[in-house]
Amino acid sequence: MEKFITLFSTAVPLDIENIDTDQIIPARFLKLTTKSDFGKNLFRDWRYNSNGKINKNFILNNKNYSGKILITGKNFGCGSSREHAAWAIKDYGFKVVISNFFADIFKQNALNNGLLTIELKKTFLNLILKKLYLNNNLIFSINIENQYVKIENNKEYFQIDDYKKKCFINGYDDIEFLLSLKKKIKDFEKKNLYN
C-alpha cells in the first residue's frame, strides 16, 4: 500500500444518497481477477448513456471538477459486499471518499484496499459541498495523523480506527503490518517460550 499522511487536492461532488455497489461498478464488469482496470467502468451506467455515448450531465464527465477526493451523499456503498467497488474508485484515481455515512462492508473493503473513507457531520458536509459548487478549484487538506479535513478556514475532525490509521501512515496492508511486527514476535518468543 502507498503511504498516506496528508493529501492536498480538489474534489468531485456526487451529492446522491444511497449509491449502491452495483451503481459504483455494475456486476457485468466483475470478471477481472486483478484490482486494475476497474476504474474505466466506475459509475458506468451513469457516465455513459444506453447508446454508449458519454453522458455530459454526469459529474465525472464535467471537466470543471477533478481531484483525488470524491464527496458523496449518505449511505454510500450500500448493497452487495463486492470489494470491486473500492477497487474501481481507487483505480479511477480517488484516494478519499467523504460522506456522512458509509455502508459497513464497503467501508472496511475500502480501508483494506488503501481507499480512505471519511465520515463527517452532515452540517460540515453540506458546507463543503456548498463551497465546492461555488469554487470547483477549492483545495482540501486531509491529514490522517491529526484526523482532520480542512477547507479554507473550516476544519472538521474525523474518526479512524487506530490500526487502519497506522496502516495508512506506514503504507501497510494487513500482511505488511504483520511482517512489521516480526522482530517483536521473535523477541517475545525468545523471552517467553524458551525460558
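The buried residues of helix H3 pack against helix H1 (21–24), strand S4 (96–99) and helix H4 (104–112). Here, buried denotes under 20% relative accessible area, with a 1.4 Å probe and protein chains only, while helices (H or I, at least four residues) and strands (E, at least two) are DSSP runs numbered from the N terminus. The model is predicted, so that local features need pLDDT of at least 70 and side-chain atom pairs count only at pLDDT 80 or more, whereas totals for chains, interfaces and linings use all residues. Residues are numbered from 1 along each chain as its sequence is written, and side-chain values use heavy atoms, without hydrogens and water.

Helix H3 spans residues 84–92, and its buried residues are His84, Ala85, Ala86, Trp87, Ala88 and Ile89. Gly93 follows H3 and has a positive phi, near 125 degrees.

Strand S6 covers residues 140–143; Phe140 and Ile142 point one way and Ser141 and Asn143 the other, and all are buried. In a regular strand, side chains alternate between the two faces of the sheet.

Two strands are taken to pair if DSSP finds at least two bridges between them. S6 is joined by 4 bridges to strand S1 (residues 6–9), in an antiparallel arrangement, with Ser9 opposite Phe140. Another antiparallel pairing, also of 4 bridges, links S6 to strand S7 (residues 148–151), where Tyr148 is the bridge partner of Asn143. S6 and S7 form a hairpin with 4 residues between them, and Gln147 in the turn has a positive phi of about 60 degrees.

Overall, the protein chain contains 8 helices and 8 strands, and 44% of its 195 residues are buried.

Note on methods:
Buried < 20%, exposed > 50% of the residue type's maximum accessible area, 1.4 Å probe, protein only. Contact = heavy atoms within 4.5 Å.
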